[in-house]
Amino acid sequence: MPSYKVVVVGGGGVGKTALTIQFVHSKFIEVYEATIEDSYRRQVQVDEQVVNLDILDTAGQEEYAVIRDTHLRSGDGFLVVFAISSKDSFDEVPNFIEQIQKAKETNEFPLVLVGNKSDQESLRQVTRKEAENYAKVLNCLYIETSAKLRHNVDEIFHSITKRIRSMAGESPQLGPKPPKKKRCLIL
């Protein structure tokens, strides 16, 4: 059975832990406590294939960037989370993308941009259009969620699983594709 490591990143207080715990345990945590690092595991079925997701919930605070960078290197896919009610958290997203790029040493990796706290529509500071446009620049999906209401929580984890599989060249039913034969050009 395939296993994928999903790393959840974003600024402090955007709901990374709330989304993860809602996905893994179907509970919403009301009280905010800063996370240094927590890992979770859940077996899920995505497109008729059962997979293990190892989910790493990272610290949003800058003082934990060194710890976070270590885990970014080993991540298979990334959920980059901001709160739709916080323009500052959205403005931090490029920094997290850059950290992933440096850790992975590439600009191409499975990514889903997540606008959390969609239940706070009256406090919205980031428009859906603004986030969708940025997701187009990043060539990734944009999904709005609410950990509190469990809105689209499963969808973000299923979507990143599909992106990981797609970028790895895997078929949901057949697993990894055989490697293509390399062609040599002799001059």
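Six helices and eight strands make up the chain. The model is a predicted one. Along the sequence, the elements run β-α-β-β-α-β-α-α-β-α-β-α-β-β. The chain has 187 residues, and 46% of them count as buried. Its accessible surface is about 10400 Å². Carbon and sulfur atoms hold 50% of that surface. Among contacts with a separation of 6 or more, 72% join residues 24 or more positions apart.

**Core**

The largest nonpolar core contains 27 residues. Phe23, Leu53, Ile55, Leu79 and Phe157 have the most contacts inside it. Several elements each give two or more residues to this core: β1 (3-10), α1, β2 (37-46), β3 (49-58), β4 (77-83), β5 (111-116) and α6 (153-167).

What does leucine 79 contact, beyond its neighbours within four places in sequence? Its partners are Val6, Val7, Val8, Val9, Val112, Val114, Ile156, Phe157 and Ile160.

**Strands β1 and β3**

β1 and β3 run parallel and pair over six bridges. Valine 8 sits opposite aspartate 57 of β3. β3 is largely enclosed by the rest of the structure, because eight of its ten residues are buried.

Helix α1 spans residues 16-25. Nine of its ten residues are buried, so the helix is mostly covered. The buried set is Lys16, Thr17, Ala18, Leu19, Thr20, Ile21, Gln22, Phe23 and Val24. Phe23 is also one of the residues with the most contacts inside the largest core.

Glycine 15 is placed in the loop between β1 and α1. Is glycine 15 buried or exposed? Its relative accessibility is 16%, so it counts as buried; the cut-off is under 20%. Leaving out residues up to four places away in sequence, glycine 15 touches Asn116 and Lys117.

Helix α4 covers residues 93-104, twelve in number. From first C-alpha to last it reaches 17 Å. That is close to the 16 Å expected at 1.5 Å a residue. Its buried residues are Val93, Phe96, Ile97, Gln99, Ile100 and Ala103. Seen down the axis of α4, these fall within an arc of 160 degrees, so they line one face of the helix.

Arginine 73 lies in helix α2 (residues 65-74). Apart from neighbours within four places in sequence, arginine 73 is in contact with Ala103 and Lys104.

**Pairs across the sequence**

Two pairs of residues show how sequence and space compare.

| Pair | Apart in sequence | C-alpha to C-alpha |
|---|---|---|
| Arginine 73 and isoleucine 100 | 27 residues | 7.6 Å |
| Glycine 15 and serine 146 | 131 residues | 8.8 Å |

Isoleucine 100 of the table is one of the buried residues of α4.

**After the helices**

Which residue takes a positive phi just after α1? Serine 26 does, at about 55 degrees. Just after α4, glutamate 105 takes a positive phi of about 55 degrees.

Terms used
Residues numbered from 1 in each chain as written. Predicted model: local features only at pLDDT ≥ 70, side-chain atom pairs only at ≥ 80, totals over all residues. Heavy atoms only, no water. Buried < 20%, exposed > 50% of the residue type's maximum accessible area, 1.4 Å probe, protein only. Helix = DSSP H or I, 4+ residues; strand = E, 2+ residues; numbered from the N terminus. Core = buried A, V, L, I, M, F, W, Y, C linked by side-chain atoms within 4.5 Å. Contact = heavy atoms within 4.5 Å. Areas by Shrake-Rupley, 256 points an atom, 1.4 Å probe, with all protein chains shown as cover. Pairing = 2+ DSSP bridges. Expected span 1.5 Å × (residues − 1). Arc of directions from axis to C-beta.
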